[in-house]
Amino acid sequence: MSEKLYSWFLRLYPSRFREEYGEEALQLFRDRARDEKGFFERLRLWLDLVADLAMSVPREYYHFQPEFFGVSAERLEGVPAFFVLESGSPRPGALFSGGLLTLASVITFSVWLSQPARYKPFRALASQSQSRAREHPTAVRRAASHRTDSARETPSALRPSDVPATNSKPTEAKAGDASSGVPRQDSRFSPPPPPPPHPLQPQAGQPDEAADTTVLVEGEDPGVNAAERHRVINGAIANLKLYYVYPDRAQKVSEALQAHERNGDYDGVTSGKTFADVLTKEMRGAGQDMHLVVVYSETPLPERPRSSTVEDLVRYRDALEQQNCTFEKVEILPHNIGYLKLNAFPDPSVCESRARKEMKRLNDADAIIFDLRENRGGSPAMVMLMAAYLFDHPEYMYSPRENTTERSWTRSPVPGNKLADKPAYLLTSASTFSAAEHFSYDMKMLKRATIVGETTSGAPHSGVFHRIDEHFGMGIPETKPINPFSKSDWVAVGVEPDVKVKAAEAFETAIKLAEIKLGKK
Amino acid sequence: MPKRKLSPLPSAAFQILLALVDEDLHGYGIMRQVVDQTEGRMRLGPGTLYSSIQTLLEGQLIEQVDARADSKLGQERRRYYRLTSAGRKLVRSEAERLADLLRVARAKKVLRGAHV
C-alpha cells in the first residue's frame, strides 16, 4: 500500500529522472520500509519522504535536461522557441481527460460570465448590495456624484451604483425596464422596495423626481424649527464659500440668505421640503444661477457615500449588454429615413462598439431621427461620441456639467461616416433628461438638428452634491464651462423644441418634416 | 536553465563522497552510511540522494560499477557506486577547507576543545 503510494509520488519527478532512478528510489523506499518498523519510525520515514519530495522535485525541474542549453544557444534572436519538458507524448487517456477538463472549464466560465446573476454566490452578493442600496439610496447617488466630480470626463447617469438605486424607484416602473437603461428588478432578488424620497440625483440620467418627491414627502415631513433652519442656512453658506466656482456670487447669495433670516422671512416655514424650495429660489435669484439647488431628504443622508463595488460594475455592464446598450430600436424607415431610439447615453467604456455599430447601420440613410423621448441621460462622453457623427469637423459642445477642455469638441469627422450633412431630427418629451438635454440643447443651438416634441425636463442636477446635515443637501456648480450661445442652458427650464407637438405625435411629425425636406412629398 | 553546481560542494554531495571513501556502496548503503557518519542528522531521501548521485556522476566524481545483489538485503540486483580519483581528491580538498575553517573558528574561540 505505502509502496504504491510512494510510486505515485515518484510520478511527480521528470520522466528522465524516473527512467534513470525511479526503480532505485523505489528500492530504497522498500529497504527503509523494511528496516524502519514501528509507528515513530514510519512517521519519520514519511516525513523524510515528504520533505525530500518538496525539496527535490522543484530542483529536478529547475536543473533540467542539458538539451535546453543546446536549444537556447541555437535560438535566433527574436524568434520564439518552445522548450519541451517531457520528451514522451502523454498517454491518450491523459490527453482525453485534459481536453475534457479544459472544455468543461471553458463552458463553465462562459456560462458564469454571461449570466452572473444566476450564479449563486454572485446572487448573494448582488442582493446584498441591493439591499444596502435600498437602505442608503442617497448615499449611492452621492457616491456617483463624488466619483463624477473626480473624473469629470466620464460622468454617467447609468453609473453602476445607480443600478440598484434606479431599480428601487417607483418612477421607473412606468418607464419600463427597457427604457431605463437598467434591468427591471428581479423579483427573486428582493421584494419591491419602498420608494426613497430623495429628490436629488446629481447629474444623473434619471427622471426629474422633484415633483414626485413632493408627493412622497408630504404628510411625512417632520418639519423644521428655527434652530434647524439656522443650521441649514449656515451650512449652505459654508458650502457655497468653499465650493462655489463664483466666489463673488457665493458672497452675494450668503448675504441674501442671512438678510432673509434676520428679517424673519423663514419663520413661517415649517416643512423641510418647502424650506428647501424657498432656499433654492432665493439662491437662484441672488446668484443669478439656475444650477444652484437645495434639496430636502426625509431619509437621513449618510455621512459618507458608499463607493461602488466590483459587483456594481459587473451588474451595470451586464444590464447594459442585456439591453443592447439602450439602443431600443435602430432601423431604416421608408424613404430611407434612419430611425434610432436611444433610451440613455450609456458609458462608452461599455457601449462604444455597440454605438458605433448601430450608427454604421444608419450610415446610408438620407435623414436621421434620434428618438430621445424616453432618454434618461447618461454619460457626456457618449453624447460626444454620438454627436461626432453629425459633423464633418470638430464642433464645440457646451455642457454645464463639465469644464471646457479639448474633450468639449466632437471627434469629427468619423471615418467612413456619411451622416454629417444629412438632415437630423430629435424627438423630445417632458421626460427627456440630463445628457439627452445636453445633446438636444447643443444640436438646437448649433442648428444641426430640428427638435420635435415637448420641452425637456430641465434637469437641475448639474452641480456637485454636498451634504448640509441629516436631511438637507445642496447642488453647487464647481465648473465654469464656456457657453458660446446667447440663450442660457436647459437647467431648470428645459430645451424648447423647434416644432412643438405632443410627445406622442413627435414621431409622425418628424417623419413628415423629413419627407418634405427630402422632397418625397 | 542552470546546470547543477558542485562548487561550492553541497553538503549532501560531500556526505555521499565521504560515504564512498571506504567502500563501494549502493544507494541504500550510501544513505545508511550518511546516517551513521552524521549521527542521524542527515537522512537522505531518494530524490535528494539520486539527484546528488546524478550530479556527481556527471562531474565524474563517482562512477557506477557493475550491478550486483547485496546478500544482506536479498536477491535484488543493485547498482553500486565508487569514488573516482577526482572524487577522492575533491573530498580531501573539501575536508581540508573545512579543517581550515575549523582552525579559524578555534582561534576565535568559537569552539571549545583542543583536537582538530
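Predicted model: local features only at pLDDT ≥ 70, side-chain atom pairs only at ≥ 80, totals over all residues.
1. Helix α1 (residues 11-19) and helix α4 (residues 85-107) of chain B pack with their axes 10 Å apart, at an angle of about 115°. The crossing of α1(B) and α4(B) is left-handed.

2. From α1(B), the contact uses B:Phe14, B:Leu17 and B:Leu18; α4(B) brings B:Gly87, B:Leu90, B:Val91 and B:Glu94. Sorted by class, the contact between α1(B) and α4(B) has 5 nonpolar residues, 1 polar and 1 charged. As a reminder for reading such contacts, residues three or four places apart point the same way, because an α-helix has 3.6 residues a turn.

3. Now over to the sheet in chain A. Its 6 strands follow the order β2-β3-β4-β5-β6-β9, forming an open sheet with mixed pairing. The edges are taken by β2 (327-333) and β9 (499-500) of chain A, each with a single partner strand, so one side of each lacks a neighbour in the sheet.

4. Within that sheet, have a look at β3 (residues 337-342) and β4 (residues 367-371) of chain A: these strands run parallel and are joined by 5 bridges. On β4(A), A:Asp371 is the residue opposite A:Lys341.

5. Finally, helix α17 (residues 380-387) of chain A is mostly covered, with 8 of its 8 residues buried. Among them are A:Pro380, A:Met382, A:Val383 and A:Leu385.

How values were computed:
Residues numbered from 1 in each chain as written. Chains lettered and ligands numbered in written order. Buried ≥ 20, exposed ≤ 12 C-beta atoms within 10 Å, placed from the backbone. Helix = DSSP H or I, 4+ residues; strand = E, 2+ residues; numbered from the N terminus. Pairing = 2+ DSSP bridges. Axes fitted to C-alpha atoms, helices over the stretch in contact; angles between N-to-C directions. Left-handed = near helix turned anticlockwise from the far one by under 90°. Contact = placed C-beta atoms within 7 Å. Nonpolar A, V, L, I, M, F, W, Y, C, P; charged D, E, K, R; others polar.
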